[in-house]
Every structure is written in structure tokens, then in C-alpha cells.
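Please look through the sequence and the structure shown here before reading on. The report that follows takes up a few local features in turn.

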Amino acid sequence: MTEATALLDLQDVDLRLLRLASSLASLPQQKRLKTIDLARKKVASELSGIVGKRKDAEMEIADLRAALDHYRDKAAEVQAEADASAHTHREIMDFERQLTSLAKHIEKSEFALGPARDRLGRLERAERNARLTSERLEAEREATQSSLDADSRSLRSEIVELSRERGRLAAGISAEHLASYERARKRFGGLAVERLRGNVPSVCRVKLQPSQFHDLAHGDEVTECPYCHRILITSEEGQE
Ligand SMILES: [Zn+2]
């Protein structure tokens with residue numbers, strides 16, 4: 001392989017490496033993972049809010065039941081006391097008054113239990129849905145992550161292979177030409193080497209004057225384009 005061919009191949013390898021690096025950075029899974037993570041955070045915060053309210057609702061029901069038990073026990077106690085022996089009219093009136101008041105409390109607690117149970121039911125359903133969403137997102141995250149791993153694995157192994165290839169090619173190029181290649185590569189964003197096609201360089205495409213063409217064609221195979229200052233390979237494809 002001539003130096004000219006090695007330089008053109010090196011440029012080709014470097015351009016492929018650039019494309020691979022940008023593909024790696026822009027794999028669609030990267031963006032998808034960010035979206036999933038945002039959704040997971042949102043669901044987790046919603047879930048903790050729902051769980052808090054569900055616990056409040058359970059506590060409210062427990063309080064209402066405890067109150068009901070208390071009023072019922074108390075009512076049974078008063079009733080038993082009233083039934084136990086003979087009482088004066090005043091005592092009977094007092095028992096009646098106590099029982100009426102307790103009955104009102106019991107009615108009020110029973111009435112409050114219905115809506116409290118409805119509220120708890122709604123919160124339990126919301127909690128179940130949030131947990132399902134969270135599980136679904138978790139599964140999606142795992143699938144996306146392994147798809148990202150698989151895709152980036154093949155890209156990374158291509159990069160490793162090309163880097164080895166690059167080392168082999170660079171070994172066949174003189175230090176001087178390699179240094180001008182690296183300089184031109186930075187300056188021209190990768191496209192550092194062009195080749196003559198007839199009397200036109202392949203990248204800048206500025207037609208050479210006949211005298212320039214004559215000089216270049218009789219000079220070194222690896223030279224510099226008088227117009228754009230890229231490395232110019234003067235042999236035609238397949239000629240070297
Ligand atoms: Zn040029």
C-alpha cells in the first residue's frame with residue numbers, strides 16, 4: 001500500500017469513527033430513557049401523595065368505628081342501668097336524654113362512614129393504578145436499557161476494530177505526512193485529503209491551471225492543494 005492510499009484510507013476510517021461516535025451519543029434509547037425516568041419520578045411522587053391520603057382515610061374510618069363502638073357501648077350501659085331497677089321520673093328523663101344524645105352521635109358516625117368508605121375505595125383504586133403504571137414504566141426502562149446496551153455494544157466493538165485499523169494505517173505513513181494530516185483534519189473538520197481527478201481536486205474542485213497541473217503531476221504523489229491547502233494526492237484512483 002502506498003502512503004497516498006494509506007492517507008485516503010486513514011481519512012475514511014477517521015470519518016467513520018466520527019460518525020460512530022455521533023451515533024453512539026444519539027441512540028434513540030438515550031432520549032427514551034430520560035423520558036421514562038421523568039415519568040417514573042412523576043408517578044412516584046403521585047403515588048406517595050395517594051398513599052398518604054389513603055392512610056388518612058383508613059385512620060378516619062378507624063376513628064369513626066372506634067367512636068361508634070364507644071357510643072354503642074355507652075348506650076348499652078345506660079340502657080342496662082335504666083332497666084336494672086325502678087327509677088324516679090327525673091332519673092328516667094335523664095336516661096332518655098342521654099340515650100337520645102348517644103343515638104344522635106351514633107347516627108352521625110354511621111352517616112360519616114359511608115362517604116369515608118367511598119373515599120378510601122377511590123384512593124385504593126388510584127393507588128393500584130399508580131402501582132401498575134410504575135411497574136409498566138420499570139419494565140419499559142429495563143427493556144430500553146438492554147436495547148441501548150445491545151446497540152451500543154455493536155457500535156463500541158466497531159469503534160475498537162476501526163481504531164486498530166487506524167493504527168495499522170498510520171504505521172504506513174511518514175511522521176511528516178501524518179502530522180500534516182492531523183493538522184488538516186482539525187482545520188477541515190475531517191476532510192483533510194483530496195485526490196486529483198483529471199485536473200480538478202476532489203474536495204475543493206478548483207480547476208488547476210495547466211502549468212500548476214504539469215508541476216504537480218511531475219512532483220510528489222502526496223503534496224498540498226495550492227487552493228485549499230488540503231493534502232492533495234496527485235495520482236488518479238487505481239494508478240498508484
Ligand atoms: Zn483543494
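## A charge over a ring

Arg230 lies over the face of Phe188, at 4.2 Å from the ring centre, where a charge sits over a ring if NZ of Lys or CZ of Arg is within 6 Å of the ring centre and within 35 degrees of the ring normal. This is a predicted model, in which local features need pLDDT of at least 70 and side-chain atom pairs count only at pLDDT 80 or more, while totals for chains, interfaces and linings use all residues. Residues are numbered from 1 along each chain as its sequence is written, and side-chain values use heavy atoms, with hydrogens and water left out.

The C-alpha atom of Arg230 is separated by 9.6 Å from that of Arg183, although the two residues are 47 apart along the chain. Arg183 lies in helix H4 (residues 175-187), helices (H or I, at least four residues) and strands (E, at least two) being DSSP runs numbered from the N terminus.

## The zinc site

The zinc ion has four protein donors, Glu194 (OE), Cys204 (SG), Cys225 (SG) and Cys228 (SG), lying 1.9 to 2.3 Å from the ion; donors are N, O and S atoms within 2.8 Å of the metal (3.2 Å for Na, K and Ca), and water is not among the atoms, so sites may look incomplete. The angles among the four donor atoms are 91 to 124°, and the site is tetrahedral, a term for four donors with all angles between 85 and 135 degrees. Along the chain, the donors follow the spacing E-x9-C-x20-C-x2-C. Cys204, in the loop between strand E2 (200-201) and helix H5 (210-217), and Cys225, in the loop between strand E3 (222-224) and strand E4 (231-233), are 21 residues apart and link distant parts of the chain.

| Residue | Relative accessibility | Class |
|---|---|---|
| Cys204 | 22% | partly exposed |
| Cys225 | 0% | buried |
| Arg183 | 57% | exposed |

## The sheet

An open sheet of four strands has the order E2-E1-E4-E3, with mixed pairing, two strands being paired if DSSP finds at least two bridges between them. E2 and E3 are the edge strands, each pairing on one side only. Strand E1 (residues 193-197) and E2 run antiparallel and are joined by two bridges, and Leu196 stands opposite Pro201 in E2.

Conventions: Tetrahedral: all angles 85-135°; square planar, octahedral: opposite > 155°, others 65-115°. Buried < 20%, exposed > 50% of the residue type's maximum accessible area, 1.4 Å probe, protein only.
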